[in-house]
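This report describes helix packing and ligand contacts in one model. The sequence and structure are shown first.

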Amino acid sequence: MTDSSAADDNGYLARRRARRDLTGKHVVITGASSGIGRSAALAVAEKGAVVFLMARRGEELAVVVDEIKAAGGEAHGYQCDVTDADSVDAAITLILAEHGHVDMLVNNAGRSIRRAVHRSTDRMHDFERTMAVNYFGAVRMTLALLPQMRERKFGHIVNISSAGVQVATPRFAAYLASKAALDKFAEVTAAEMFSDNVTFTTIHMPLVRTPMITPSGDQGTSTQSPEWAAATIVRALSERPRRIDVPLGTLAEYGSLVAPAIKERVLHRYYRAIGDSPAAKGETVPEPETVDVEVVVPQRHRRTVPPAIRVTGTALRRAARLVPGTHW
Ligand code: NDP
């Protein structure tokens with residue numbers, strides 16, 4: 001390599017690093033006591049941001065805050081339930097009083113329920129609970145921070161959605177409908193806020209190894225690490241694209257556009273091949289009303305899935321690898 005190309009490379013890397021720099025930015029992350037939110041808080045602080053962590057479990061939050069401080073970062077924990085208006089008001093009022101303003105918000109707090117709709121006919125609360133956290137919680141946080149963002153003519157909001165919204169994964173009607181509602185809220189609000197310089201990124205996150213998926217494991221599908229998810233969130237905060245998608249989600253969306261009937265049949269076959277968990281059927285005692293599981297693609301059980309379905313699934317996965325994730 002010549003000196004000038006090495007200098008170009010160094011310049012490129014320096015520019016790239018600078019783009020990812022969040023020095024001095026005030027960033028609120030909800031659901032920061034665990035999983036993706038915890039890793040995101042560590043990564044965002046590492047990029048120089050002042051991080052305000054929110055979650056219901058104060059002790060877990062304090063551990064993450066201490067971890068960030070030990071690494072030389074600045075972080076502050078605020079115990080808060082995003083489903084409770086008073087709790088959100090109190091936390092935001094305190095943050096603004098203590099730190100003046102918030103530049104960016106990561107709506108990450110979430111709850112997942114996996115259950116077929118026909119088993120949910122007497123379980124309206126499944127739908128209400130997912131909406132309470134994933135949709136109304138995120139909207140409440142956004143509304144609370146929007147006035148000062150508009151006033152300062154700067155704000156960026158990252159919503160952690162799911163690639164399952166694009167796939168329409170069976171057994172996740174309650175969960176995915178709440179994420180889809182948030183996607184649309186962000187799209188409409190972004191159009192309104194254009195001249196206020198308040199922007200949104202929707203991340204259609206794939207399956208990530210966090211406590212949320214612990215009950216069901218990786219289900220034979222590929223998963224990402226919380227650190228990967230955190231790096232994706234850093235990219236969303238620093239580059240502010242409208243969406244970050246992964247190939248599987250993009251392919252599924254194409255499928256909805258060009259072959260919706262085929263897509264529905266494929267998903268129905270998966271649905272028929274794989275049953276509800278015992279907990280979702282109400283067969284187990286510990287907290288039968290919720291199963292904190294998140295999947296993006298339907299489960300695969302190698303022994304029980306008929307060969308025709310397995311072949312379709314393999315073909316879909318191969319095709320998905322040819323489709324780039326989109327990043328607009
Ligand atoms: P975790 O279960 O590890 O973390 C969920 C976080 O949300 C916890 O910190 C929890 O904190 C917080 N939370 C839940 N309810 C509330 C509430 N009412 N108020 C405030 N905080 C709350 O899950 P993940 O890290 O996996 O999930 C993070 C986000 O990513 C979620 O929105 C999820 O839907 C989304 N996602 C996850 C995927 C995955 O495969 N893991 C895939 C796609 C999207 P506490 O209990 O202390 O309140």
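Helix α2 passes helix α3 in a right-handed crossing, a term for a near helix turned clockwise from the far one by less than a right angle. The contact involves R38, A41, L42 and A45 on the α2 side and V64, E67 and I68 on the α3 side, where contact means heavy atoms within 4.5 Å. By class, five nonpolar, no polar and two charged residues take part in the contact of α2 with α3. Here Ala, Val, Leu, Ile, Met, Phe, Trp, Tyr, Cys and Pro are nonpolar, Asp, Glu, Lys and Arg are charged, and the others, Gly among them, are polar.

The model is predicted: local features require pLDDT of at least 70 and side-chain atom pairs pLDDT 80 or more, whereas totals for chains, interfaces and linings use all residues. Residues are numbered from 1 along each chain as its sequence is written, and side-chain values use heavy atoms, without hydrogens and water.

Two packed helices are described by the angle and the distance between their axes. The axes of α2 (residues 35–46) and α3 (residues 58–70) come within 10 Å and cross at roughly 25 degrees; α2 is therefore roughly parallel to α3, the term for angles under 35 degrees. Axes are lines fitted to C-alpha atoms over the stretch in contact, with angles from 0 to 180 degrees between N-to-C directions. Helices are DSSP runs (H or I, at least four residues) numbered from the N terminus.

For α4 (residues 85–99) and α5 (residues 124–152), the axes come within 10 Å and cross at roughly 30 degrees, so these helices are also roughly parallel to each other. The crossing of α4 past α5 is right-handed. A85, V88, I92 and L96 of α4 meet R140, M141, A144, L145 and Q148 of α5, a contact with seven nonpolar, one polar and one charged residues.

The ligand is surrounded by 30 residues, the closest being S34, R56, Y175, V208 and T210; a residue counts if one of its heavy atoms lies within 4 Å. The table gives polar contacts, which are pairs of N or O atoms within 3.5 Å.

| Residue atom | Ligand atom | Distance |
|---|---|---|
| G31, backbone N or O | oxygen | 3.0 Å |
| I36, polar backbone atom | oxygen | 2.8 Å |
| D81, side-chain N or O | nitrogen | 2.8 Å |

Technical notes
Helices (H or I, at least four residues) and strands (E, at least two) are DSSP runs, numbered from the N terminus. Angles under 35 degrees count as roughly parallel, over 145 as roughly antiparallel, 65 to 115 as roughly perpendicular and the rest as oblique. A polar contact is a pair of N or O atoms within 3.5 Å; within protein, one must be able to donate a hydrogen and the other to accept it, and residues adjacent in sequence count only if both atoms are side-chain atoms.
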